[in-house]
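Please find below a short note with numbered points for your reading of this entry.

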Amino acid sequence: MSQVLYEGKSKLVCQGPREGSLLIRYKDTATAFNGEKKAELSGKGVLNAALSNRIFQYLMDHGVETHLIQVVDDVSVVVRRAEIIPVEVVVRNLAAGGFSQKYGVPEGTLLRNTVMEFSYKSDALGDPMINRSQITAIGLASREELQEMERQALNINELLCRLFERMDIRLVDFKLEFGRVDGHVILCDEISPDSCRLWDMATEEKLDKDRFRRDLGDVLAGYREVLRRLDDVLQTPESE
């Protein structure tokens, strides 16, 4: 395996095969509550890689620029080396999780407008929430970069809502990370049930990492169901 440059909670980042690239390997590790809850789930890395790769390809097919270059194997991808912007963007369509707890809004409440939140990507600080003026004040991102991240996040939300609706899945909320490449902002990291809340439209069954956070039973069964439905819709033209 290539030289490991960094080990995160769910991925290994390794030296890439060519200049300006990295090799990312998905791990079987599941974490929650800033790493306080942790487990090894055999096959999770394969599922997350498959889901994220397909979703990234879908977004790329619809004009979104991402770091993905090439799928290597079941758990490995080659990506563009980007300078990660240490600001996580959370997009919310329905109230759930911390939003519901913080503001007393029942889970599942349809929000009157799309909510966008930001957190400072820092394990040491516990990924605290941060606002636009704070982001620019301490130099995490420029005003122009922040506007571009917001623009892309809203576009991605529209594309993903459309995709998941075809899967009879409600996209409740999700997290995005962006990076700088050649002076512009591109989508990085992953999009999977680890970073999204996904509810079955008919039953409201949770098909995402909340199964792990809340001890709701067979975590990977939800991920496999999302992958099954995703493969079904990707084989069917959108117009049908």
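1. Lys37 places its charged end over the ring of Phe212, at 4.8 Å from the ring centre. This position comes from a predicted model.

2. How many aromatic pairs does a search of the whole structure find? The search returns one aromatic pair.

3. An open sheet is built from five strands, arranged in the order β1-β2-β3-β7-β6 with antiparallel pairing. Its edge strands are β1 (4-7) and β6 (68-71), each of which pairs on one side only. On average, neighbouring strands of this sheet are turned by 25° against each other, direction ignored. As background, the strands of a sheet pair through backbone hydrogen bonds, in either a parallel or an antiparallel manner.

4. Within the sheet, please look at β3 (residues 21-26) and β7 (residues 76-80), which pair in the antiparallel sense over five bridges. Ile24 stands opposite Val77 of β7.

5. The largest nonpolar core contains 58 residues. Which of them touch the most other members? They are Leu59, Val89, Leu160, Phe164, Leu176, Leu187 and Ile191. In general, nonpolar side chains of soluble globular proteins tend to be buried together.

6. Leu176 deserves a separate look. Leaving aside residues up to four places away in sequence, Leu176 touches Val87, Glu88, Val89, Ala153, Ile156, Leu187 and Ile191.

Conventions. Residues are numbered from 1 along each chain as its sequence is written. This is a predicted model: local features need pLDDT of at least 70, side-chain atom pairs count only at pLDDT 80 or more; totals for chains, interfaces and linings use all residues. Side-chain values use heavy atoms; hydrogens and water are left out. Two strands pair if DSSP finds at least two bridges between them. Helices (H or I, at least four residues) and strands (E, at least two) are DSSP runs, numbered from the N terminus. Axes are lines fitted to C-alpha atoms, for helices over the stretch in contact, and angles run from 0 to 180 degrees between N-to-C directions. Rings of Phe, Tyr and Trp (its six-membered ring) pair if their centres lie within 6.5 Å; planes under 30 degrees apart count as stacked, over 60 as edge-to-face and the rest as tilted. A charge sits over a ring if NZ of Lys or CZ of Arg is within 6 Å of the ring centre and within 35 degrees of the ring normal. A nonpolar core is a set of buried Ala, Val, Leu, Ile, Met, Phe, Trp, Tyr and Cys residues joined through side-chain atoms within 4.5 Å. Buried means under 20% relative accessible area, exposed over 50%, partly exposed in between (1.4 Å probe, protein chains only). Contact means heavy atoms within 4.5 Å.
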